[in-house]
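This report covers charge pairs, the chain interface and a few backbone details. The structure comes first, the reading of it after.

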There are 2 protein chains.
Amino acid sequence: MSKKELIVREEILGSNKKVAAEIREKLEAAGVLVVNLLSSPGSGKTTLLERIVETLHPTHPLAVIEGDIETERDADRIRRKGVPAWQITTGGACHLEAKMVGKLLPEIPAETKFLFIENVGNLVCPASYDLGENIRCVLLSAPEGDDKPKKYPKAFASADCLIFTKSDLIPYLPFDLEKAGNEALDLNPRLRIFVTSALKGRGIAELARYFIESRVNMIQHQRHA
Amino acid sequence: MSKKELIVREEILGSNKKVAAEIREKLEAAGVLVVNLLSSPGSGKTTLLERIVETLHPTHPLAVIEGDIETERDADRIRRKGVPAWQITTGGACHLEAKMVGKLLPEIPAETKFLFIENVGNLVCPASYDLGENIRCVLLSAPEGDDKPKKYPKAFASADCLIFTKSDLIPYLPFDLEKAGNEALDLNPRLRIFVTSALKGRGIAELARYFIESRVNMIQHQRHA
């Protein structure tokens, strides 16, 4: 990277960090836990979100921001479940930035308890952009292979939680779940790991419980702060 | 994107284009067909390359450049097949650039007829960077889903050839091959499409033949130029 590129990049990341901190503060005060979902294209972010929506909503009201380069497809899928959802189409850009999320804050209904943000499908660039989330989840689908954590270290090192998806396909694949999990834990020993299959409904209840508990912890932490 | 970002980006892409044109000219003159493989992480680029290597090499000598953010894993896999391979680790950068490829040209053996470049696993950013290739292949693995072409349009619109991978998994997936193919052809009617399974050896011979024919065409085109 040239010196000029580095300077511009530092400026962008610096201003993104500031906006992200403001979003986090604002939503924490409103009792909204923000979850940023990050993965390769086709790891199953939207399908997993559909299952989470079915489990949490409307007992725990949630809202969803969908990031994509083009198309309203993902937001449409979530809206069909009766959940408020906004599509951000980046028109070519490879990641979401905090300011894109910030613009949508006034539209989030007052009763919202969880805001899920589905990032652009990309295991590289989104890892550098804080969106004001409390929890960053990286998804790894079994068909992607068990060698991905060390090849894409930033996504795994910066996450709070690793969600293995499409685990129903493991019998048909050369995929070693333990190897992939250990490789991710080598990069980031504090990772919480969940094994899910959206198709079979596996692991969804555990994941939903984790989000509920994380929100309780967030609120208790505020009270003691 | 800010104005400053846009200017820096234009400069980078402009200088990349120039270096790419030089690489293409140099390698065409040496009779080397260059193929740039582009896809999400875990679409099966390296495994497909292993099958292509087994089919072409050493009758049609080839060389491989592997792009990754971290690790020498992919180059090691190709070297085990007796093929010269170089690993470029970008250390965080989300795509290969032509200058990274240019540096390796002096090392390519004289007898080489095909240079395969496996880009960083990312369906977004690499699509903007010409590496001096004659053929750009975008891979889409069945587990990624049949809705990807219109969500990641640049990769599909800028490619010469679309390779469906992991087709052996289609029976276990909600994946409509025709839908995905038609969506890609909507974006890019000149796309050549191949359906492969590296695990079952499906479609590899057809793909190898396409590369051989493309090289013949390249050489004939030069003679008539």
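A:Glu54 and A:Arg51 both sit in helix α2 (residues 45–56) of chain A, 3 residues apart, about one turn of the helix. Helices here are DSSP runs of H or I with at least four residues, strands are runs of E with at least two, and both are numbered from the N terminus. The two side chains form a salt bridge, with the closest N and O atoms 3.0 Å apart. A salt bridge is a side-chain nitrogen of Lys or Arg within 4 Å of a carboxyl oxygen of Asp or Glu. Side chains of opposite charge can pair when their charged atoms come close.

This is a predicted model: local features need pLDDT of at least 70, side-chain atom pairs count only at pLDDT 80 or more, and totals for chains, interfaces and linings use all residues. Residues are numbered from 1 along each chain as its sequence is written, chains are lettered from A and ligands numbered from 1 in the order in which they are written, and side-chain values use heavy atoms, with hydrogens and water left out.

**Charge pairs**

A:Arg51 has 18%, so A:Arg51 counts as buried. The cut-offs are under 20% relative accessible area for buried, over 50% for exposed, and partly exposed in between (1.4 Å probe, protein chains only). The pair also belongs to a network of salt bridges that links A:Glu50, A:Arg51, A:Glu54, A:Arg77 and A:Lys81.

Over all chains, a search of the whole structure finds 36 salt bridges. Four of them are listed here.

| Pair | Closest N to O distance |
|---|---|
| A:Glu54 and A:Arg51 | 3.0 Å |
| B:Asp160 and B:Arg190 | 2.8 Å |
| A:Lys151 and B:Asp74 | 2.7 Å |

In chain B, B:Asp160 pairs with B:Arg190. This pair links distant parts of the chain, 30 residues apart. B:Asp160 is in the loop between α6 (153–157) and β6 (161–165), and B:Arg190 is in the loop between α7 (177–187) and β7 (192–195). B:Asp160 is buried, at 18% relative accessible area. B:Arg190 is exposed, at 53%.

B:Lys99 is partly exposed, at 45%.

**The interface**

How are the two chains related? A rotation of 180° with 0.0 Å of shift along its axis superposes chain B on chain A, with an RMSD of 0.0 Å. That is the relation of a two-fold axis. The same surface serves both copies: 100% of the contact residues of chain B recur in chain A.

Together the chains bury about 3,200 Å², 60% of it on carbon and sulfur atoms. Buried area is the accessible area (1.4 Å probe) that two parts lose on being put together, summed over both. On the chain B side, B:Pro41, B:Arg73 and B:Lys151 lose the most area to chain A, together 19% of what that side buries. The interface holds 8 salt bridges by the rule. A:Lys151 and B:Asp74 form a salt bridge as well, at 2.7 Å.

**Backbone details**

Where does the chain take a cis peptide bond? In chain A, such a bond joins A:His57 and A:Pro58, with omega about 0°. A:Pro58 lies in the loop between α2 and β2 (62–68). In chain B, the bond from B:His57 to B:Pro58 is likewise cis, with omega near 0°.

A:Thr71 is not a glycine, but its phi is positive, near 80°. A:Thr71 is in the loop between β2 and α3 (73–79) of chain A. B:Thr71 also has a positive phi, about 80°. B:Thr71 is partly exposed, with 21% relative accessible area.

Terms used: Copies are superposed by least squares on the C-alpha atoms of residues with pLDDT of at least 70 in both. Contact means heavy atoms within 4.5 Å.
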